[in-house]
Amino acid sequence: MKSQDKDKKLDELITAAIGREDLKFDFDKWKGEHAEEIRVYESQRHQPGRLLNLIRGSGVLRYAAVAAIVAGVLIGVPRLTGGLTTIAWADVTERFKSVPFFSAAIYIKDDVTNEPKQIELWMSRGGKARLRTGTQVIFGDQGKVTRAFDIKTRAKVEADEHAGFLLQKLGSAKEFSLDSVMKVVFGGRMEDVTPLINPDAVVSRDMVVFDIQSTISPEWLRIWALRESRLPVRIKVWDPRDGEGTDVVFSYSREQPDEFFDPNAFAGLLRDSRGNSRANLAYAYLKDPGGRRITPEDMFEDSGFHMPQIKHVGITPKGAVWVIAEKASNRTPEGRVFYGFEEIADDLDRVYQEVYSSHRVDGDQSMEVFVPIGYPFDGNIPGKITLSCKMKDYEALGREPLVGTVELTQWKQNEMWPEGTIGSSPQELATTLAWQHANAKRYTGAERIIATIEGEPETDSAALTRERIRLRILVSQEKCAEAVELGQRLMPTLEDDYRRWKGYAPHPDAFTDYLRALAYTKRLDEVKQVWDKIKAIDPHIPDRLNKRARRHIEEDMQAGFKNAARILVPHLSREAHLTVEQINEMLQLDIKNDETFKHYVFWDWNPEFEKPEFKNWQRRLSELAEYYKTHPLPERMEILERDRDLEFAVRFTRMPGIDTHFAEPLRCKFGEYVYFYKYPESAGRLRMEDGLAEMKLQHDIVFKTEIEQPERIAVVLDYFGLEVVEVNEPRQVWVAKHDGRKLKDFKEVKAPGKVTAMSSGGLDLEYLFRSLMDQQNRDAKAAGPVIIDRTGLTQRVSLECPSFEGSEGLETARKWFAEEMGVTFTEEVRRMTTYIIRKRQ
């Protein structure tokens, strides 16, 4: 560009940017006065702020707003324009008029401490508009509100006043008007002032910033626009008096489908699908131009999952929540099928239990009933219910369990479910919850519920279940004499119930609690008699069933007895202390050769005992028993050295013919056995002299049955001529604190990488912190951190424990505890006791 052309273009840009034609600037004079400085600057373009300072120092402060344009056109400053075409405000407004569709997220804050109100706006060039504010979705056409809906109540409503005003102002123009947008966000108080470029607000070469200062208040407005596309991306209004402000963030894309702006299509969604979540409704028919998922419905299309569609929902007079849904089944790629809803929550933060679940293939309909834990005595009525559809067995599949949720605020209150749907009476639902209480040892809750169930067990199935629950509670509470008496009374009714046809094969599980009570009271002959009597019952099977159906029923009955034995046998072994031979005799089993029990551990026998390492120990026990025929048993304990190294797979057991003493094999490294000296107090604080921890043990310790591990460790130390010295020394300490966040369900918290421990019941911080200290002290040098727990958390926090070994283990610990539980550590140095094991001085 020639010099005179530059000057002319510059003059035009300044005039357009300032918006006043009567302002001119003599650049020839200015360039002459600063020729040398400009020459130096052109050779040092890595100092992009220097020319701007020159302009400001020239006394032309009123032109500071267009300093970026001056620098860019005059010598092409890379930082401000990078050689790109400069733009004026008129370019931005013209470009905005040309877009076919835009959306805007508007945030309005009316005080510095208030949370902002969000409004989402979508506008099409044809005058169609849609807006969401709070729970309202509002449709507009040519500046007028056509219809408004509330996605919470799922009803037509009057449009929000502010949203209606916004649609009126923005939609009345024939084409998109950025000036209209600015007036709306300025609250209608903006005067006719053209925005000026603010070079100080520019932080990127591909962005230009315009400002407007109100002439009647301290309020100001700022617009950010992209230099290449000339499209505005953000508008901000600010009032410095009280922090009141409005932010508008623009997005642009191709036009949305016609359904997106169609209030009739939206109304159809409200009518036809109560199961639609609020997210589905708020963004119904919205398509992301980049192909990303917007709603749960989009996500379901990708995953193959969908939300069940709720047909009926209600709460009974006693507080049971029942749900009937259609299109209820989901199937995983592995072929696993799950139905309906898995969980429920309400705004009263109550815990619910599922007490009924059924699925009809015809119509793909699911029926579920949930009751609060205080049922049927909790008369509170929630204001909101949230149903969750979850994948069952998700841990085995390694997937996120949640398919989606549905929030409900309307249902049939104090109504029962439609006839012919849920196949249980309210009394039967109550007994289901009572069973759950009884099995969880919440006996008071179970007894409160069954006290409300009326009827006689001979004529009412719910009443019979009531008595069975009482029997279970008596057995669990070890009131076995009372349990035997109740079981004897119930036997005739249980036999009749087992014999009665219910449409499926009968199961003998109903008799197991009575059999347990008999075994616990050592009435072993009666256990065998009752078991034989049950197996001899000939249940009534309708003659109309064909041979194939009858064969299936007979197979199910055999499986039922096998399952009852699987449940009963562990109780008879571990609690009644019956031998495998006694159980075999009573229940006509062959436990040692039955695959059902191959992983069971019995009171007197373990399948593992058949392995070589167990047989080795059995031989060693026989040798020790033979030894003590000619030697006195120790008064408390003694250590015997073995002449050969054998593999053993036990801790300690009795020797044949000797009931007063145990024998324990010491076949490990010395450090592994004595590590638990004064444990858990000594966790991370035990140090051993060089060589001791790796010393191999090839000994047996024989001790009286009442002697605990600490005394045994002391004898081992003495045997090897060692002592423990307690030293108070400076130690690195990690003080653990919690940031107050809500903890995850512990089943969702898993180890990153290698797993060193897992518990289905969950692990608490005490265990995890001990594990961290133990793993950091594998070398018994007491060089790792000592953890002091100041979190106040006592509940289970994780399903698994990670590996914390090595120097990388400390970083793993910091990251894992912080991200999964909100637990952080502060490092300190404190004087603490270290336990040093050394040769006796």
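## Basis of the description

Because the model is predicted, local features need pLDDT of at least 70 and side-chain atom pairs count only at pLDDT 80 or more, while totals for chains, interfaces and linings use all residues. Residues are numbered from 1 along each chain as its sequence is written, and side-chain values use heavy atoms, with hydrogens and water left out.

Helices (H or I, at least four residues) and strands (E, at least two) are DSSP runs numbered from the N terminus.

## Helix 17 with helix 19

Helix 17 (residues 512-520) packs on helix 19 (residues 547-575) with axes 10 Å apart and an angle of about 20 degrees, where axes are lines fitted to C-alpha atoms, for helices over the stretch in contact, and angles run from 0 to 180 degrees between N-to-C directions. Helix 17 is therefore roughly parallel to helix 19, a term for angles under 35 degrees.

The crossing of these two helices is right-handed, meaning that the near helix is turned clockwise from the far one by less than a right angle. In contact (heavy atoms within 4.5 Å) are T512, L515, R516, A519 and Y520 of helix 17 with A564, L568, H571, L572 and E575 of helix 19. By class, the residues of this contact are six nonpolar, two polar and two charged; Ala, Val, Leu, Ile, Met, Phe, Trp, Tyr, Cys and Pro count as nonpolar, Asp, Glu, Lys and Arg as charged, and the others, Gly among them, as polar.

## Helix 15 with helix 16

Between helix 15 (residues 461-476) and helix 16 (residues 480-499) the packing angle is about 145 degrees, and the axes lie 10 Å apart. Their crossing is left-handed, the near helix being turned anticlockwise from the far one by less than a right angle. Helix 15 contributes residues including L464, R468 and L471, which belong to a contact with residues of helix 16, among them A483, L486 and L490. The residues of this contact divide into eight nonpolar, two polar and five charged.

An open sheet has five strands in the order 17-18-13-12-21, with mixed pairing; strands pair if DSSP finds at least two bridges between them. Its edges are strand 17 (352-360) and strand 21 (412-413), each pairing on one side only.

Strand 12 (residues 309-315) pairs with strand 13 (residues 321-326) in the antiparallel sense over six bridges, and H312 stands opposite I324 in strand 13. Helix 13 (residues 426-439) lies across strand 17 and strand 18 (365-372), at about 125 degrees to strand 17.

## D745

D745 is placed in the loop between strand 27 (722-738) and strand 28 (755-764). With 41% relative accessibility, D745 counts as partly exposed, the class between buried (under 20% relative accessible area) and exposed (over 50%), for a 1.4 Å probe and protein chains only. From D745 to R796 the separation is 51 residues in sequence and 8.7 Å in space, C-alpha to C-alpha.

Notes
Parallel < 35°, antiparallel > 145°, perpendicular 65-115°, else oblique.
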